[in-house]
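Hello,

I am passing on the structure we spoke about.

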Amino acid sequence: MPVRADLREEKVSDSTDVTLADKSAGHPATSFPERPPWEQGEGSPLPLGVTWIEEEHAFNFAIHSEYAESVTLLLYSSTDLVNPTRTFRFDFLHHKSGRVWHCRIPIGSVGDARYYAYSVSGETIPQLHSFDPQKVLLDPYANSIFFPPGFDRELAMREGPNAGHAPLGVLTGHHNRVDWAGDTSPHHESDAIIYELHVRGFTKNANSGVDPSRAGTYAGLVEKIPYLKELGITIVELMPIFQRDPQEGDYWGYMPLNFFAPHAQYANSRDDDGQRLEFKNMVKAFHQAGIEVVLDVVYNHTCEGDHKGPNYSYKGLDAPGYYMLSSDPANPYANYSGTGNTLNFGLAHVRMMVMDSLRYWKQEMHVDGFRFDLASVFSRNGDGSLNWGHAPIFSQIAADPELGQLRLIAEPWDTGTNQLGRGFPGITWLQWNGRFRDDVRRFVKSDPGMVPDLMRRIYGSDDLFPDVRADAYHPYQSVNYVASHDGFTLYDLVSYDRKRNWANGNNNQDGTDDNYSWNCGNEGDEGAPAAVIALRRQQVKNFF
């Protein structure tokens, strides 16, 4: 005769066993081992990138690829950059959630690996130069990047393997922490004076007075803080410091490879993660001097260029999932940035990548604000059309309790539109005022009828930033400037009537032709009489 079993869960404790006891039948308790949490065994889809899990002494890997058919994680040691010490092929039944592939690997299983990358395969779209399982691909979220001695841009531009020649992510998070105790972010308002500078160019020359071993580096900038203080500078705006391709010849930095890693070639340290540590110490030193640090950031495109460009990361992971595409088979990548490609901000995960990058630079690196290059690209829908209403990323940034409070500065145009003033969707953002630049230049070189325009610019450009009830803009939202990294320097403005960018290596095709400059009576320095030189000096003072 069957006996009724009164099965009850006796206790779920902190131990590894769960006990079910059949007391009424007098049967002994049966123990079942508790299954480890799913995330511990299979990894978590968030956050993307590599995350160090301190309590588990393990790394979590997560990468987004919507159209991939298979993804393999590659781990490399410092002694063999060609053959991975371990590979992990993701099983989509266990290691994929939605469009994110993920896994978790204990530090013991990582062994002596210091670098990582991915191999991804999927249905090839030939004209996009996309999926190629032979390519070693960089994680878009890598926060420190290592270039092997054999790094080769040319191999990334054609089909076939590039093992040992591709950039790799560095496994970080379990070392090299900075003590931020006592660090506070300065905030300047009416006394805000921004100094735009190039990290390498500012101290590379011997006349900077910086120790030669630190010239042209993050550490070198620290030595110039007393000089900047003497000038009355309260904010430094660093021209792009995102990691870029060191073989592309991009001096200015506007062709990013990645949005999370500081440019390793600006670091005095040559340790794998030395660039992050050096950058953090630089920020901390600026803060101690009461100077804000703003980054000039480029989120509108990458250095992978068009269909002829290198396949380092985004193309090989999921070209249609990161870039805007065109309807022209001969030029499959839409090009609103003027550099060959444009990131697709109509896609939620692309916007998420930018949001994660901004949070990273604020929370981990302690920067105080951002100047957004070609910020109008943020307004473009997936088909390239402009969203004049509510482009999602602006509301996402505004709604973020931390990012919304930062100093956000827009270059309010791209290659196809100009949204200066009310046309720009970031209502509370500051904007580079190109009209101020042009009107002041024209006034100083004595163009007729410029007094009314000059007065309007000095009084806050209310035609662009109206303070009526319906709009309620503020004069401080206009970032007033006369010269920047775009176009003529201040000295050029008083020395040349015509564009003179031959030294940039682009056959004098780069930069605008409308510089509103005056050479003061002699084109360039050659043969310039003393009276012209004196007049130029006076004109520079007039600009100030």
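The mean pLDDT of the protein chain is 91, and 93% of its residues reach 70 or more. Residues 1-24 are another matter: pLDDT stays under 50 there, although the model has 33 contacts beyond four places in sequence for this stretch. Where pLDDT is low, the predicted coordinates should not be read in detail.

On cysteines, the structure holds zero disulfides. Cys103 is buried, at a relative accessible area of 1%. Cys303 is buried as well, at 2%.

Next, the second largest pocket. Its space comes to about 570 Å³. Strand E4 (49-53), helix H7 (274-288) and helix H9 (348-363) are the elements that give two or more residues to its lining. The lining has 24 residues in total, and those nearest the centre of the pocket are Val50, Thr51, Asn143, Tyr360 and Glu364. By class, the lining residues divide into 10 nonpolar, eight polar and six charged.

His64 belongs to strand E5 (residues 58-64). With a relative accessible area of 8%, His64 falls under the 20% cut-off and so counts as buried. Leaving aside residues up to four places away in sequence, His64 touches Leu48, Arg99, Val100, Tyr322 and His349.

Finally, the backbone. Most residues other than glycine have a negative phi, and most peptide bonds are trans.

- Leu46 and Pro47 are joined by a cis peptide bond, with omega about -5°. Pro47 sits in the loop between helix H1 (38-42) and E4.
- Leu374 is not a glycine, yet its phi is positive, about 45°. Leu374 lies in the loop between strand E16 (369-372) and helix H10 (392-399), and its relative accessibility of 12% makes it buried.
- Tyr516, also not a glycine, has a positive phi of about 50°. Its loop runs between helix H13 (490-493) and helix H14 (530-543). Tyr516 has 31% relative accessibility, which lies between the 20% and 50% cut-offs, so Tyr516 counts as partly exposed.

Regards

Conventions. Residues are numbered from 1 along each chain as its sequence is written. This is a predicted model: local features need pLDDT of at least 70, side-chain atom pairs count only at pLDDT 80 or more; totals for chains, interfaces and linings use all residues. Side-chain values use heavy atoms; hydrogens and water are left out. pLDDT is the predictor's confidence in each residue, from 0 to 100. Contact means heavy atoms within 4.5 Å. A disulfide is a pair of cysteine sulfur atoms within 2.5 Å. Buried means under 20% relative accessible area, exposed over 50%, partly exposed in between (1.4 Å probe, protein chains only). On a 1 Å grid over the protein atoms alone, a cavity is a set of points where a 1.4 Å probe fits but cannot get out, and a pocket is an open set with protein on both sides within 12 Å along at least five of seven lines; lining residues have an atom within 4 Å of a point. Grid points are joined across faces, edges and corners, and a volume is the space filled by probe spheres set on the points. Helices (H or I, at least four residues) and strands (E, at least two) are DSSP runs, numbered from the N terminus. Ala, Val, Leu, Ile, Met, Phe, Trp, Tyr, Cys and Pro count as nonpolar, Asp, Glu, Lys and Arg as charged, and the others, Gly among them, as polar.
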